[in-house]
Amino acid sequence: MGFDVTAANVIFFIAALGIASTAMGAYWQSAEHVEEARRIGDRRAELRAHTNITVVAASYDAPDKRFTAEVKNTGSEVIGISELRYLVDGAYVATSAIESVAVLGGPGATDLWLPLETIEVKFAPIEPSPTYFQVVAQNGVKANWRG
Amino acid sequence: MGADTTSTQLIFFIAATVVATATAGIFTGVVTDLTSKASIRAKAFGDELASDVEIINDPNAVVTVPDTIFYVKNTGATTLAWDTMTVMVNGMVVTTTNVLLDGETAFRPGAIVQITYDPTLPPGDHRVAVRMENGVGDELRFRI
């Protein structure tokens, strides 16, 4: 084997090392990214499967034009109260139109809605008396009420 | 070994080195390009896995007067481009006016986009679907 062939082999060998190193680096980086995303997706699906909420009561105080709803956490996950969103008669209720959200029989100020606890949501004056009410948790789990 | 043989071997050596370097360069370029595209694809796939949206309208009471209003909530873990979402009503891509609610400036996880569809839908069964730029989406069937 001549020196020219040896030199060519050395060049190919170095190039192969470089290519393998680049490809392996990219592979591990991609695999890590996809694995992390899969973990997030699985965790989200698990949270969603364990989340359940039920509207147990709703009432309208005609003189004050105030609508109040009681919603129970019937799942096994803790839900963030500030992450709840509401629709009254199909229309989104801006957070500024929510007067108060409190856990019935719970501590005064909390953002945690524990399993089996019931929250009372009071809305700013609204007219006429709502017929439909929907509450949506952060992960998209919903509960409906029809008057 | 004569000077002519040495010159020939030198020429062969230079030629072999040049050809080997060029070939190795082409292979390296092709592999780098492929791995770069594979990385982009993997990132897009990962983002899609971590993203999710949900149409949170009450199917009993979709607001239809004066316009039809839909609400789309980001229920995933990534911030999404909300101004490029595709909205389909009854299978047709429609033009809508979209705004972020509650003073949000980005469609981050938990944020809600209000979609206003100008024509009033007639009474009956309807279907709305939204599709984000990265492919995630949701569909809601409702009755008016």
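Helices are DSSP runs of H or I with at least four residues, and strands are DSSP runs of E with at least two, both numbered from the N terminus. In this predicted model, the elements of chain A follow the order α-β-β-β-β-β-β-β-β-β-β from the N terminus on, a total of 1 helix and 10 strands. Chain A is more spread out than a compact globule, because its radius of gyration is 28 Å, well over the 15 Å that the globule rule gives for 147 residues. Along the principal axes, the C-alpha atoms of chain A fill a box of roughly 105 × 30 × 25 Å. Of the 147 residues of chain A, 21% count as buried. Among contacts in chain A between residues at least 6 apart in sequence, those joining residues at least 24 apart make up 65%.

The domain assignment divides chain A into domain 1 (1-50) and domain 2 (52-146). Their C-alpha centres are 49 Å apart. Contact between the two domains involves 4 residues of domain 1 and 5 residues of domain 2. On the side of domain 1 that touches domain 2, 1 residue is nonpolar, 1 is polar and 2 are charged.

Chain A also meets chain B, in a contact formed by 42 residues from chain A and 40 residues from chain B. On the chain A side, two or more residues each come from α1 (3-50), β4 (85-88), β5 (91-92), β9 (132-136) and β10 (142-146). Of these elements, α1(A) gives the most, with 23 residues. The side of chain A that touches chain B comprises 19 nonpolar, 14 polar and 9 charged residues.

Conventions: Residues numbered from 1 in each chain as written. Chains lettered and ligands numbered in written order. Predicted model: local features only at pLDDT ≥ 70, side-chain atom pairs only at ≥ 80, totals over all residues. Contact = placed C-beta atoms within 7 Å. Nonpolar A, V, L, I, M, F, W, Y, C, P; charged D, E, K, R; others polar. Domains from an automatic or database assignment. Rg over C-alpha atoms; globule rule 2.2 N^0.38 Å. Buried ≥ 20, exposed ≤ 12 C-beta atoms within 10 Å, placed from the backbone.
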